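Visitor: I am new to this structure. Please show me how to read its features, one at a time.

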Amino acid sequence: MKPKKTLRRAVLWLAALSSVALVVSTAVATGPGTASGAPPAVTLSEPLGQVVGLRRLTESQYRNSIADIFGPDIKVAGRFEPIVRPMHELIASSATESTISPVGLAQFDAIGRGVAEQVFDNAHRALNVKCLPMDDKLADANCAREALTPIGRYLFRRPLTASEQAGYVKIAGDAVSTTGSFHGGLKYAVAAMLISPDFLYVIESAEPDPDHPGAWRLDNYSRAARLSFLLWDTTPNEVLLEAAAKGELTNQSKLTVIASKMVKSPRLASGTRAFFTDMLLFEKFDEMAKDSVIFPRFNSEVASAMPEQLLRTIVDLLVTRQADYREIFTTRRTFVNRALGPLYEVRVQDSQGWVPHEFGPNDGRAGVLGHAGFLSLGEAQVGRSSPTIRGRAIREVLLCQPVPNPPGNVDFLDFEKVNNQARPTAKIRLVEHSTNPVCAGCHKLTDPIGLTLEKFDGIGAPRATENGAPIDTSGDFEGVNYSTATGLGKALAASQSATECVVGRALEYATGRTNSGNDALIAALEKGFKADKYRFPALLLRIASMPETYRVQTIKPSADSAKVAMVTSSK
Amino acid sequence: MTQETARPETGAKTKARLSRTAKLASALAIVLAMGVGHDAGAPSAIAAPPSLPAPPADGEMGFVVVQFHQAVYIGDPKVDCPDGMLGVLKDSYLTTVPVAAERARLQLKQNESELQTKWQTYGAGPNGTNVCANINEFLDRPPTPMLTGRVAKGFDLDNDQGAGGNDSYTCKHDNFTSPAGEKGIDHQLWRVQGCSVQYRGTDESGNGEIRKAYDDQMMTGQITQVIRLRGVNSLVNDPDVQVLYANTDDRPAVDSRGNPVFKASYTVSTAGMKVGYRNLLRGRIVNGVLTTDQKDIILHGGSYSPYDLARGKLRLTFQPDGTAKGMLGGYKPLLSLLTAARGGGRGSVNTAGINCAGQYTALRLMADGDKDPKTGQCRRISYAYELVAVPGFVNDIQPNRKIATK
């Protein structure tokens, strides 16, 4: 059985892009090379497997990869073309269908050249080039090979093929005449690697699964990448690449041992942050806008602090304290900094950075629902709070229950009269939506839970009244009545939808595929999650180590199935 | 006060009317004395303060100062400055030209260059000496025009409503009366600076350019001050409150409109020029007004000289919205008031036209504190600042304790 037909088109596009990358980078005059006498560097000893997936690197994965490969002091400067998220999916799964526009490629090229420049500057050269060229002003193929091969291995997350190695060595040599130096040539070669699809995309390749004849499974290097990006949000390190080279990652017990070590590492915090950044739609913070007249306290410092507060709270809860995932709805422990102090009206001791804080039992804040960041999201909340937006966010983001879009002709006018003294609170103004049969179907899903958060304004600051009228925060969720936001948090924590949602999202995040057809697997994972007392690291370990994560969906092969190809320049 | 109609009245009725009028005037004075607006006069024992917030549960309140400038009272300019405004050095030089016709000639446009040479020479001293930097060599220069008005804001620092000079610390001086009618107000520096358009404003509003410069210094973080109260059991009456008055390196948090944000956090400065500017005072709250006992107070004053106030006093009037308005007073060293001019080099004279010698003469004449036992010359002058503070959290540090940071 062969992988999906659609991948064939992707692979052909990939090959074309690779050739473009190399042609662009090799538009230089040739020059003589001089042998340095160094032994040839190791290349891939076997052909690459069948390509079964292309997952574009996210910005954080790109940055983390550069930091881990070349050092945290290498600056990555430039604009990243965003990966567009389809409705109700993670960016992780839309990354498998994400292309790069010409403008986007130009941006990646600029970023890559900036990185390459630093990698071989005086401060970093000795770290990245262990050999000395015979003459710094001339090409030296052996030294270039020795320098570029390990770099390529880390960037491409697998050893270079022999032809790739030769291609990049040639780029480095050809570029000497343009740059005037051996190291200048190396910069061109690394810049070319950085815009290669083999770097910008995690190319997942597969091999026949010996345990399931006719089926395919991800090969070792693809497993190394999947493990590393799932758990640490970064490129595979030497340990993983070595394990892949030895074939250990297709050995179930060895895979589990490695995954366990990774889950116990402090680097799990990075992976957790990346996962929840995706699951909680944090890219919306980049486009958050608030009316400065209505919310003068909202500024850029507050805006950038909001998502960070959420992430710190989540990582502290799930990774540092290894607490029950469901406490994400009930915990009062959080972190604040000076920018957020006035919004929460709390003292912040330190001038810089974050300090732990616990919401008071009567603050009405608990869990993510009590955080200003969660309360502030939503384009409708520019000048006011929106119970419907908040309720929808809870349903879709935290419970994975999609809510249909409103009809195109809906009239928001009455609701937006926020200073209407005759209908002073949002609950009163929304009555129309909950009683109109056209609207009620969806608003019944969103408003009862969103209205419970109305004691927080559009930027999450507390308020006791609206237009002088008391705010009624009572409601019910799945048959559980509550009167405050903390009560709502407890009701959500008790809902199986919440735990099923995070399980499904974690699986989607790991595989880069939506979960259609995976109901039984998700149910089993949720059961295991419960057995593990809802510890999030344990969930990630289950997913990282189970064979299903590395199985490949297959279809009947066609006559002209494509393989991975690296087209080298004819020059 | 009302005027009665023309019908003649009986003696008893007259007495009753005058009594009612007197009581009304007294009550009006008391209301004014409650510190409405900037006029933080003496507290009243009779009228209740406006509705104030409840005291904090832990007895601690913090504030960050967002406005801080000299306490200015603008009276009738004909009464305040009968000898004219302070002017610049050119104006001071012209007062030394005895013949009116010559003064008029020098001020003609075609003689501008000659006048400039003459006043700059006057400001430079013999042999081109920098007068501002060598001020003690020019003690014979006439004083700059001084304020002669009777009303000013400030404190009674010497507990003397008479002419002063009755103890070893003070020198004789004319007291002011506060706008609310409190007598014995010591604000001698207002006599020296009160005829300056920089303080009075070109429109006599009191909003001179110096006021904005002072306030801006607070908002930029350059010399931001914080106040922390502890042991507050009531914002209306409390006999014992501990007051910390210090500097912070943190600038006041502002919103998108540039207004101070309430409940931001600040930390008392731990290092650099501001370390040590941490004043612990004691005070009491009476009818919504906190007043501290007199004690030397020193705070960071920016690039030039600190706010060094001997026998300093702080008064805060709590507002219903949680803010506080108040006053800080004390005796400042004379030369500290000329530090900026003295450090300005020849520019202070030639460009800014500052009459350092004239101002120093005026300061020495008006000085009323820290009497030199040998010469009898007072070396400090009474001063008052107004301030506005908004609620914030103030994090203190213990003096001499290392703050570990990584």
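Predicted model: local features only at pLDDT ≥ 70, side-chain atom pairs only at ≥ 80, totals over all residues.

Visitor: Which cysteine does A:Cys131 join?

Guide: A:Cys131 is joined to A:Cys143, S to S 2.0 Å. The torsion about their S-S bond is about 95 degrees, so this disulfide is right-handed. A:Cys131 sits in the loop between helix 5 (125–128) and helix 6 (141–156) of chain A, while A:Cys143 is in helix 6. They are 12 residues apart. Helices (H or I, at least four residues) and strands (E, at least two) are DSSP runs, numbered from the N terminus.

Visitor: Is A:Cys143 buried or exposed?

Guide: Buried means under 20% relative accessible area, exposed over 50%, and partly exposed in between (1.4 Å probe, protein chains only). A:Cys143 has 0% relative accessibility, so this residue counts as buried. A:Cys131 is buried too, at 12%.

Visitor: What parts does the pair A:Cys400 and A:Cys501 tie together?

Guide: The sulfur atoms of A:Cys400 and A:Cys501 are 1.9 Å apart. A:Cys400 lies in the loop between helix 17 (387–398) and helix 18 (413–416) of chain A. A:Cys501 lies in helix 23 (residues 496–511), so the linked parts are 101 residues apart in sequence. This link is right-handed, with 65 degrees about the S-S bond. A:Cys400 is partly exposed at 30%, whereas A:Cys501 is buried at 2%.

Visitor: How do I read a sheet?

Guide: Look for paired strands: two strands pair if DSSP finds at least two bridges between them. In chain A, 4 strands form an open sheet in the order 1-2-3-10, with antiparallel pairing. Strand 1 (50–56) and strand 10 (551–552) stand at the edges; each has a single partner strand, so one side of each has no neighbour in the sheet. Strand 3 (residues 216–218) and strand 10 are joined by 2 bridges. A:Arg217 stands opposite A:Arg551 in strand 10.

Visitor: What area is buried between chain A and chain B?

Guide: The size of an interface is often given as the accessible area lost when the parts come together. Buried area is the accessible area (1.4 Å probe) that two parts lose on being put together, summed over both. Here the area is about 1,200 Å², with carbon and sulfur atoms giving 45%. A:Pro296, A:Arg338 and A:Arg347 supply 45% of the area that chain A buries against chain B, more than any other three residues.

Visitor: How many salt bridges are found across the interface of chain A and chain B?

Guide: A salt bridge is a side-chain nitrogen of Lys or Arg within 4 Å of a carboxyl oxygen of Asp or Glu. The rule finds 3 across this interface. In one salt bridge, the side chain of A:Arg338 meets that of B:Asp250 (2.9 Å, N to O).

Terms used. Residues numbered from 1 in each chain as written. Chains lettered and ligands numbered in written order. Heavy atoms only, no water. Disulfide = S-S within 2.5 Å.
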